[in-house]
Amino acid sequence: DSVGCDNLTSVTIPTSVKTIGDYAFQSARSLRTIKLHDDITAIGFGAFKGCISMEEITLPKNLTVVKRDLFNGCTNLKKVNLYNDITSIEQNAFTDCHVLENLTLPQNLTTIGSAAFCYCYSLKYINIPNGVKTIGSQVFVASGLEEVVLPETLETIGYRAFDCPIRTIIIPSSVIDIKAAFSGATKLESAYFCSAQPPHMAGDIFD
């Protein structure tokens, strides 16, 4: 547990370590670099939460889940390298990563949890890969997202998922349920639905 370790600037994880526990490096405010090896199979909730000096990180090849709050509050994190074995990005994983941009999502991804990219001001574009079935609530709230590509596998879009500066969106025919996903999207000009049968739409979808 490195909470309060304000002078910690660099860490190399030895090969004997296979998992990193919950909140292991939380609020290590001076931590700039951490070297992870590919035999690490799990990194716990909020392990790097509040590491405000971290600018780039490469996650291990064998990691399958980006856990809740993992990079929450990493306000100077510009780049995260994600390998294709990752299937889930959990809630608030990248919340308040203000300068994060050009993120390439893993090809095996299936789920994006609620508020995963909330307040990612510099995230202007994202391509969500085929295989993703669920985009949770408030995923891109107050982000800088202006353009998104949605996959033909997508089924559900959560509440206020696209409360952001997006202007145009194409809803694939695979989508069956939308929960007020565009509430607050004040710059939205066009929404195209590819299915002849409209999806179920709950709440004030375009409020």
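Predicted model: local features only at pLDDT ≥ 70, side-chain atom pairs only at ≥ 80, totals over all residues.
Me: How should I read a sheet, and in which order do its strands lie here?

Reply: Strands of a sheet pair through backbone hydrogen bonds, in either a parallel or an antiparallel manner. In this model, seven strands form an open sheet, in the order E6-E8-E9-E11-E13-E15-E17, with parallel pairing. Strand E6 (65-66) and strand E17 (200-202) are the edge strands, each pairing on one side only.

Me: What joins strand E11 to strand E13?

Reply: Two bridges join strand E11 (residues 134-135) to strand E13 (residues 156-157), and these strands run parallel. Within this pairing, Ile135 stands opposite Ile157 in E13.

Me: How is a pair of aromatic rings described, and how many such pairs does the structure hold?

Reply: The description rests on the distance of the centres and the angle of the planes. The structure holds nine aromatic pairs. In one of them, the rings of Phe25 and Phe48 are stacked, because their centres are 5.9 Å apart and their planes lie at 15°, where stacking requires planes under 30 degrees apart. Phe25 belongs to the loop between strand E2 (19-20) and strand E3 (33-35), while Phe48 belongs to the loop between strand E4 (42-43) and strand E5 (56-58); the pair thus links distant parts of the chain, 23 residues apart. Both Phe25 and Phe48 are buried.

Phe71 and Phe94 also form a stacked pair, with 5.4 Å centre to centre and 15° between the planes. Phe71 lies in the loop between E6 and strand E7 (79-81), and Phe94 in the loop between strand E8 (88-89) and strand E9 (111-112), so this pair ties together parts 23 residues apart in sequence. Phe71 and Phe94 are buried.

Me: Which residues form the aromatic cluster?

Reply: One aromatic cluster is formed by Phe25, Phe48, Phe71, Phe94, Phe117, Phe140, Phe162, Phe182 and Phe206.

Me: Which charged end sits over the ring of Phe45 at 4.1 Å from its centre?

Reply: That is the charged end of Arg68. The charged end of Lys67 also sits over the ring of Phe45, 4.9 Å from its centre.

Me: What radius of gyration does the protein have, and what would a compact globule have?

Reply: The protein has a radius of gyration of 17 Å, which agrees with the value near 17 Å for a compact globule of 207 residues. The C-alpha trace spans about 55 × 30 × 25 Å along its principal axes. Buried residues account for 44% of the 207 residues.

Definitions and conventions:
Residues numbered from 1 in each chain as written. Heavy atoms only, no water. Pairing = 2+ DSSP bridges. Helix = DSSP H or I, 4+ residues; strand = E, 2+ residues; numbered from the N terminus. Phe/Tyr/Trp six-rings, centres within 6.5 Å; stacked < 30°, edge-to-face > 60°. Buried < 20%, exposed > 50% of the residue type's maximum accessible area, 1.4 Å probe, protein only. Lys NZ or Arg CZ within 6 Å of the ring centre and 35° of its normal. Rg over C-alpha atoms; globule rule 2.2 N^0.38 Å.
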